[in-house]
Protein chains: 2
Amino acid sequence: MHSDIEISRQHTCLPITEIANELGLQPDEISLCGASKAKVSLSVAKRLADRPNAKLVIVTAVTPTPFGEGKTVTTIGLTQAMNLNGIKTCACIRQPSLGPVFGTKGGAAGGGYAQVVPMEELNLHLTGDIHAVSSAHNLAAAAIDARLFHETRLGAEAFAQESGLSALNIDPDNILWRRVVDHNERSLRQIKVGYGAVNGPVHDSGFDITAASELMAILALSQDLKDLRQRIGRLVLALNTQGEPITAEELGVAGAMTVIMADAIEPTLMQTLSGDPCFIHAGPFANIAHGNSSIIADTIAAKLADVVVTEAGFGSDMGFEKFSNIKVRESGYAPSASVVVVTLKALKANSGIESNKDINQPDMERLQAGFANLEWHINNVSQYGVPVVVAINRFPSDTDEELEWLKQAVEQTKAFGSEISEAFGKGAEGATKLADMVYRATQTASGFNLLYQSDSSLESKLMTLAEVGYGASSVSLSEKAKSQLSWLTKHDYGELPVCVAKTPMSISHDPNIKGIPTGFELPITELRLNAGAGFITALVGQVMTMPGLGIRPGYLNVDINDDGEIIGLA
Amino acid sequence: MHSDIEISRQHTCLPITEIANELGLQPDEISLCGASKAKVSLSVAKRLADRPNAKLVIVTAVTPTPFGEGKTVTTIGLTQAMNLNGIKTCACIRQPSLGPVFGTKGGAAGGGYAQVVPMEELNLHLTGDIHAVSSAHNLAAAAIDARLFHETRLGAEAFAQESGLSALNIDPDNILWRRVVDHNERSLRQIKVGYGAVNGPVHDSGFDITAASELMAILALSQDLKDLRQRIGRLVLALNTQGEPITAEELGVAGAMTVIMADAIEPTLMQTLSGDPCFIHAGPFANIAHGNSSIIADTIAAKLADVVVTEAGFGSDMGFEKFSNIKVRESGYAPSASVVVVTLKALKANSGIESNKDINQPDMERLQAGFANLEWHINNVSQYGVPVVVAINRFPSDTDEELEWLKQAVEQTKAFGSEISEAFGKGAEGATKLADMVYRATQTASGFNLLYQSDSSLESKLMTLAEVGYGASSVSLSEKAKSQLSWLTKHDYGELPVCVAKTPMSISHDPNIKGIPTGFELPITELRLNAGAGFITALVGQVMTMPGLGIRPGYLNVDINDDGEIIGLA
């Protein structure tokens, strides 16, 4: 079989104008970016406001492993198969980050014959949305430091006189706004800035990956440009020397940040290998960030298709939890069905059983032990009131015996059912049975429950997420988190939902604990206010909001060949 | 009169497909980016290889002042007027940087009725080239630090064993590659990175503005994608502990960097308010960087038009000198005429005479004293063998008497002649006489001289630039620069041309010295190897490669209005 980029390059894409037309978009509602990408106007949703929303399907997974479970493959394969089955279906996925593209994971276009194409355009710059987020974010950082510099240099009074602006009295030790870059940049996690005679004062700073920018969450959660502008205005960038918040509005930079992101607010339309429509919007990293695709893309797709398939990153404890408790809480657009992606390999790796046996070989003991992880995720999703279809992403080495056992075992759970998906190797044809079952599941949806109510206290939300979301028995807060909690409550931010940043490699906070951890204490190290996005980020355990490059990063393989074609993107 | 953005927004652009077609591009040679921008394929130059090159006109200026002389206004106005006069003319300008856009200067689309439109698309992201340069640049920075981290963590031997790569032994105190961001970011000029238990080692770093990235110069100077790839491979990123250079090729990151920049290599086609073609490519900052538009854009335009108008930033001692000694040396495409832009205000401000008189008021004394600056620039450009036309960019308050005196004074110089330009207020009609004179000047060109030969020594090149380029009588090198000079010579980099980074506000290195400085010593503080771009950057005086935001930055004015339209961009 060919590599992903070879399959993508050998494929002749349809003109994106044709995809748009088929989807029901009018020519003045799209803006072309090359032959294969188009920005889509937010006016579509208004034009079709009276049309009922499509059924929404959310694709999630068991606890992830280094082998990759194929969530995007399943999302795209399911979209292809739904359309093959005659159901007008549109996918909504997130723009890949260059961190994973040049790091370990690779791109996020799907794979094999279930891909969004051209994969290199999706995996690299797309239409520049992530760059716009980085730029707007870093303008705010520059604005804070410039203001601090000039106020420090002149003193508050002279500053006010010379500039005609009120002094903000930024506390250099309480600048909450970090910086971002869309790369895995370990050495920028903790830095000190402002050295040199005329560049100070020196203070701590650091970079997060752009997907973890609050602006990325704002892009995902905004309803329109006006909402984007208001959310940016509410961003709390720093505290003043009295400990009171300083917003982007007060700094006077909110308008310019919005202007930088004005194009990014339009989702990008691309196509699958079968010519099905796929919207790309907002960014990944549902472990350390909100990490779901945008409300705007969903809203547009909902008016154009009969089924919308979207995905939530990592296991259902991560992306799906945030999709539900943050995004659906905001949008009101609840899923009618979910797909939990699983592989035999993933269950074996999640069994917690150490073994020297090749994970590709049959191993009923590990498979059966690992099944508990799948059942946990089925139960986790079910408690939101969403029907669960288990998609078994088949690998060539999987034996019929193991697959059959797994299908039988799912029968005993709360799941609606399970089907094998061979979308990677066969494209649409490999997922028609799955598509049929998912469609039937959407007809059975009866209601959607949030895990907690907005008006419960922050402590109570953290406790609910820990206990019901991850199976912990208690929560501990670091001294820093305690003082942040009391500041947040005092400043009336207690009604915001919580966005947990934790390892995705375990249901708990410890990546080494496999299986179904119970009875543990969830350690919360930091609470970050995201007043614009509208949530409190809780950092748990050793999690970091900036990845690092490994010892043999993916960029080593990437180059152009003698024909000027890109090679080595995975 | 309306503001620039109002004029731009009230104007109905032609479809860019129409502009491209008029220019002689075939449909498969362009790639649309919205309705008003298109990337243009490098294949055009090959298709039209047999066609003679257009006459090239380079627009430069007197020593700049805070009032703005209108170099881009003149470049665009001249292009508009040339076409009105029936000469098929194309402009080639640089993509604006967000630093000035949100800092003090504002955008770089021209102004008034001599603008490239839509100005907000030009001034903000364009087609993402600057973002691509930032991203490729910062991937290399991440790659160096990741390699340093892993080699330090494991030791050279264990690193080699575990990774299968040879240890590079990067010296953390000799990392030459800084980082970039496209904002004015004073606090990032000098930073320390790598704090935290698992992020080190701690070492110095810093950010330049993206336009000053060596990759931006490479983008401007490359002939094609293959050349880009080879230049990136040659980048010297750091020294090892033996003091020997480590290249991007050796680090294995050159291919990925090229892939990130693969789309950026195509220039972007836009249009003037009169519907004339304008290529946008590469970045500004001819003070601290090479800062000229690209050889690729010039080469394509040269095959499509009869006249190509391009501009070089700041006074002729800066952008024009680099255009000549770096870009033309590389491309062989020499200008047939030059335009030196001047205003009455600029000459008065360059007179060196302190005065309380409003600079907009008539002041023959200061005008006459300041004239020497214009004459210096006329002589400076003339020594390259290029005919000089003086374009007097007229402001409403300018009196006929002063303008008449200036025109007469130019008659006594080596200039071909002078004409008043009113392109700002009148568009094409305001510059037809200027266009006519410039066209006539192009017919008189007899040859082009470089200021120095490549095979002369680095010391000799520095001396020539100091004496002939700026009127200095001697050069001094800091201890750092001395040791760099000896390293560069030893490592066979002596044959590269020199790119001086100095203040543009004086012909000398001291922004406070107005008029025609002579007899001074030019202090060179640092020599930076740009092995990929193919030059040595010489930092002179107090120059910095990262600007800062002022006390009332331009971003304060920028916002969206209730209709979602951008306001306040200047």
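This is a predicted model: local features need pLDDT of at least 70, side-chain atom pairs count only at pLDDT 80 or more; totals for chains, interfaces and linings use all residues.
In what order do the strands of the open sheet of three strands in chain B stand?

Residues are numbered from 1 along each chain as its sequence is written, chains are lettered from A and ligands numbered from 1 in the order in which they are written, and side-chain values use heavy atoms, with hydrogens and water left out.

**Figure 1. Relation of chain A and chain B.** A rotation of 180 degrees, with 0.0 Å of shift along its axis, superposes chain B on chain A at an RMSD of 0.0 Å. The two copies are thus related as by a two-fold rotation axis. The superposition is by least squares on the C-alpha atoms of residues with pLDDT of at least 70 in both copies. Of the residues of chain B, B:Cys33 comes closest to the rotation axis, its C-alpha lying at 2.1 Å. Because 100% of the interface residues of chain B are also interface residues in chain A, the copies meet through the same surface; contact means heavy atoms within 4.5 Å.

**Figure 2. The three-stranded open sheet of chain B.** The strand order is β7-β12-β13, with antiparallel pairing. β7 (170–175) and β13 (245–247) of chain B are the edge strands, each pairing on one side only. From one strand to the next the twist averages 50 degrees. Strands (E, at least two residues) and helices (H or I, at least four residues) are DSSP runs, numbered from the N terminus, and two strands pair if DSSP finds at least two bridges between them. Strand β12 (residues 236–240) of chain B is joined to β13(B) by three bridges, and B:Leu239 has B:Pro245 in β13(B) as its bridge partner. α7(B) lies across β7 and β12 of chain B and runs at about 135 degrees to β7(B). Axes are lines fitted to C-alpha atoms, for helices over the stretch in contact, and angles run from 0 to 180 degrees between N-to-C directions.

**Figure 3. The open sheet of chain A.** In chain A, three strands form an open sheet in the order β7-β12-β13 with antiparallel pairing. Its edge strands are β7 (170–175) and β13 (245–247), each of which pairs on one side only. Two bridges link β7(A) to strand β12 (residues 236–240) of chain A in the antiparallel sense, and A:Ile170 stands opposite A:Asn240 in β12(A).

**Figure 4. Strands β20, β22 and β23 of chain B.** Strand β20 (residues 474–477) runs parallel to strand β22 (residues 521–530), to which four bridges join it. B:Ser476 has B:Pro523 in β22(B) as its bridge partner. β22(B) and β23(B) form a hairpin with four residues between them, and B:Gly534 in the turn has a positive phi of about 90 degrees.

Figure 5. A cavity is a set of points, on a 1 Å grid over the protein atoms alone, where a 1.4 Å probe fits but cannot get out, and its lining residues have an atom within 4 Å of a point. Grid points are joined across faces, edges and corners, and a volume is the space filled by probe spheres set on the points. α7 (129–154) and β8 (179–181) of chain A, together with α7 (129–154) and β8 (179–181) of chain B, each supply at least two lining residues. By class, ten lining residues are nonpolar, ten polar and four charged. Ala, Val, Leu, Ile, Met, Phe, Trp, Tyr, Cys and Pro count as nonpolar, Asp, Glu, Lys and Arg as charged, and the others, Gly among them, as polar.

**Figure 6. The second largest cavity.** This cavity holds about 60 Å³ of space. Its lining includes A:Arg147, A:His150 and A:Phe159 as well as B:Ile551 and B:Tyr555. α7(A) provides the largest share of the lining, four residues. Eight of the lining residues are nonpolar, two polar and one charged.

**Figure 7. Backbone features in loops of chain A.** The peptide bond from A:Val117 to A:Pro118 is cis, with omega near -5 degrees; A:Pro118 is in the loop between β6 (114–117) and α6 (119–123). Also cis is the peptide bond from A:Gly200 to A:Pro201, with omega near 5 degrees.

Terms used:
On a 1 Å grid over the protein atoms alone, a cavity is a set of points where a 1.4 Å probe fits but cannot get out, and a pocket is an open set with protein on both sides within 12 Å along at least five of seven lines; lining residues have an atom within 4 Å of a point.
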